Amino acid sequence: MNATAYVVAVEGSPIGLVLPIVGAFLWIVAARAATGSIGPNRWAGLRTRATMASPEAWVAGNRAAKAGIQTAAVIIGVTGVAVGVLVPTTDLLPLILLVGIPLMFGALVRAYILGNRAAQNVNLASSLNEK
């Protein structure tokens, strides 16, 4: 499917265009936060008490969460494309969202758990080194 056909397919459904953009944004933020090029802040990256404790914890937490966040980003994008392509011709919107949204949340919850745990480990190691 070329770009023109995709834009025509999503005309009736803005979610089909918005979700892939959100997915791409999430992918980029996850990659940049995992390298530390996006440092601790109030807006982007995995922001927990543990990840915000230090720049080292931030990078460790976001690096551990990166795969899960990027998985969620792909799921969001694919869900959006599916909505844009299939919904104008079928009544599959509820099914697509019923599958896509829980998969996305599952990936994000897993990313949160892994990232927060990694940041907590960095913070624990740091506090033990200070003693």
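Helix α4 has 38 residues and reaches 54 Å from its first C-alpha to its last, which is close to the 56 Å expected at 1.5 Å a residue. The model is a predicted one.

**Helix α4**
- The buried residues of α4 are Ile96, Gly100, Met104, Ala107, Ala111, Gly115, Asn116, Ala118 and Ala119.
- These buried residues pack against α3.
- An α-helix has 3.6 residues a turn, so residues three or four places apart point the same way.

**Asparagine 116**
- Asparagine 116 is situated in helix α4.
- Asparagine 116 counts as buried because its relative accessibility is 12%, and buried means under 20%.
- Leaving aside residues up to four places away in sequence, asparagine 116 touches Leu46, Thr48 and Ala50.

**The largest pocket**
- The volume of the largest pocket is about 180 Å³.
- Its lining consists of 13 residues, and those nearest the centre of the pocket are Leu26, Gly45, Leu46, Ile69 and Leu108.
- Two or more lining residues come from each of α2 (15-35), α3 (55-86) and α4 (93-130).
- Helix α4 gives the most to this lining, with 4 residues.
- Classed by type, the lining of the largest pocket has 11 nonpolar and 2 polar residues, and no charged residues.

How values were computed. Residues are numbered from 1 along each chain as its sequence is written. This is a predicted model: local features need pLDDT of at least 70, side-chain atom pairs count only at pLDDT 80 or more; totals for chains, interfaces and linings use all residues. Side-chain values use heavy atoms; hydrogens and water are left out. On a 1 Å grid over the protein atoms alone, a cavity is a set of points where a 1.4 Å probe fits but cannot get out, and a pocket is an open set with protein on both sides within 12 Å along at least five of seven lines; lining residues have an atom within 4 Å of a point. Grid points are joined across faces, edges and corners, and a volume is the space filled by probe spheres set on the points. Ala, Val, Leu, Ile, Met, Phe, Trp, Tyr, Cys and Pro count as nonpolar, Asp, Glu, Lys and Arg as charged, and the others, Gly among them, as polar. The expected span of a helix is 1.5 Å times one less than its number of residues. Buried means under 20% relative accessible area, exposed over 50%, partly exposed in between (1.4 Å probe, protein chains only). Contact means heavy atoms within 4.5 Å.
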